[in-house]
Amino acid sequence: MKTFFRNVKVLLLCLLVIAFYALTAAGLIYLMIEGTFNQWVWSGVIFLIFIILVWFLKWRVDWKHGGMLFLVFTSFIGSMLDMRGNPIYNEPIKLFYQSQGKLEIVTQVSTINGSTGINYHFNIINQSGNVVKHIPIIEVIIFRFFEYLILYSVILSIMILTFKLIKRLINKKLRKRLTSPMIMENEDLKNKN
């Protein structure tokens, strides 16, 4: 009977692992599809990953120990994944080309022989609806890289200062505990014996 329950536990564990991988794969596929057409998805996902990684590396990452390398890597990945941007990230591009017209982003999805390609076209259109300027995607990627670099530098600086403050407060509490009268009495009793 013990063998039966042990086998059932192993079977349930295997089913849980398979379900976890299936749900993870389904979630990633959904993220890829939703990220293609929803302009907020990739910028939100990249921002969330950046915050989580900095949080878990909080005592190891600062400006002296890999912070800049981490920042450049995250900005590069962000600029590659989030080419389309969102209304907030595209606002500086709008302001830069404001004198020429309005920014329009066109998403073009094409399927050839079973593979799907997605292209983003950044166009400046005038009041009559004609394309005045086509912004090459490489310019948008470079712009997005520097945008992420500036944004995440500010966020990383704030997080580093916050972590240093938390660490200082924790150390202060520990020193206070170590120098409390109760601990001192215990130390004295140990020394007398």
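Figure 1. Glutamate 147 and arginine 144 both belong to helix 5, where they stand three residues apart, about one turn of the helix. An α-helix has 3.6 residues a turn, so residues three or four places apart point the same way. In this predicted model, glutamate 147 and arginine 144 form a salt bridge, and their closest N and O atoms are 3.1 Å apart. The count of salt bridges comes to one. Glutamate 147 has a relative accessibility of 15% and counts as buried. Arginine 144, at 0% relative accessibility, counts as buried as well.

**Figure 2. Helix 3 and its buried face.** Helix 3 runs over residues 67-81. Its 15 residues should span 21 Å at 1.5 Å a residue, and the end C-alpha atoms are 21 Å apart, which agrees. The buried residues of helix 3 are Gly67, Phe70, Leu71, Thr74, Ser75, Gly78 and Ser79. Viewed down the axis of helix 3, these buried residues fall within an arc of 160°, so they line one face of the helix. Leu69 and Phe73 are exposed on the other side of helix 3. The cover over the buried residues of helix 3 includes helix 2 (41-56) and helix 5 (137-178).

**Figure 3. The surroundings of threonine 74.** Threonine 74 is part of helix 3. With a relative accessible area of 8%, threonine 74 is buried, because the cut-off for a buried residue is under 20%. When neighbours within four places in sequence are left aside, threonine 74 is in contact with Phe50 and Tyr152. Phe50 is one of the buried residues of helix 2.

**Figure 4. Helix 2 and its buried residues.** Helix 2 contains 16 residues. From its first C-alpha to its last, helix 2 reaches 22 Å, close to the 22 Å expected at 1.5 Å a residue. Val41, Trp42, Ser43, Ile46, Phe50 and Val54 are the buried residues of helix 2. Helix 2 is also among the elements that cover the buried residues of helix 3.

**Figure 5. Aspartate 62 in the loop between helix 2 and helix 3.** Aspartate 62 lies in the loop that joins these two helices. Its relative accessibility is 18%, and aspartate 62 therefore counts as buried, given the limit of under 20%. Not counting residues up to four places away in sequence, aspartate 62 touches Gly67 and Ile160. Aspartate 62 and leucine 156 are 94 residues apart along the chain, and their C-alpha atoms are separated by 8.1 Å.

**Figure 6. Isoleucine 137 in helix 5.** Isoleucine 137 has its place in helix 5. With a relative accessible area of 32%, isoleucine 137 is partly exposed. Leaving aside neighbours within four places in sequence, the contacts of isoleucine 137 are with Met83, Tyr120 and Phe122. Along the chain, isoleucine 137 and serine 110 are 27 residues apart, and a distance of 17 Å separates their C-alpha atoms.

**Figure 7. Asparagine 113 between two strands.** Asparagine 113 is found in the loop between strand 1 (102-112) and strand 2 (115-125). Although asparagine 113 is not a glycine, it has a positive phi of about 50°. The relative accessible area of asparagine 113 is 82%, and this residue is exposed.

**Figure 8. A nonpolar patch on the surface.** Met1, Phe4, Phe5, Val8, Leu11, Leu12, Leu15 and Ile18 form this patch. Together these residues have about 850 Å² of accessible area. Phenylalanine 4, one of the patch residues, lies in helix 1 (residues 2-37).

Technical notes. Residues numbered from 1 in each chain as written. Predicted model: local features only at pLDDT ≥ 70, side-chain atom pairs only at ≥ 80, totals over all residues. Heavy atoms only, no water. Patch = residues over 30% accessible without salt bridge, like charges linked within 9 Å, V, L, I, M, F, W, Y side chains within 5 Å. Areas by Shrake-Rupley, 256 points an atom, 1.4 Å probe, with all protein chains shown as cover. Salt bridge = Lys/Arg side-chain N within 4 Å of Asp/Glu carboxyl O. Helix = DSSP H or I, 4+ residues; strand = E, 2+ residues; numbered from the N terminus. Expected span 1.5 Å × (residues − 1). Buried < 20%, exposed > 50% of the residue type's maximum accessible area, 1.4 Å probe, protein only. Arc of directions from axis to C-beta. Contact = heavy atoms within 4.5 Å.
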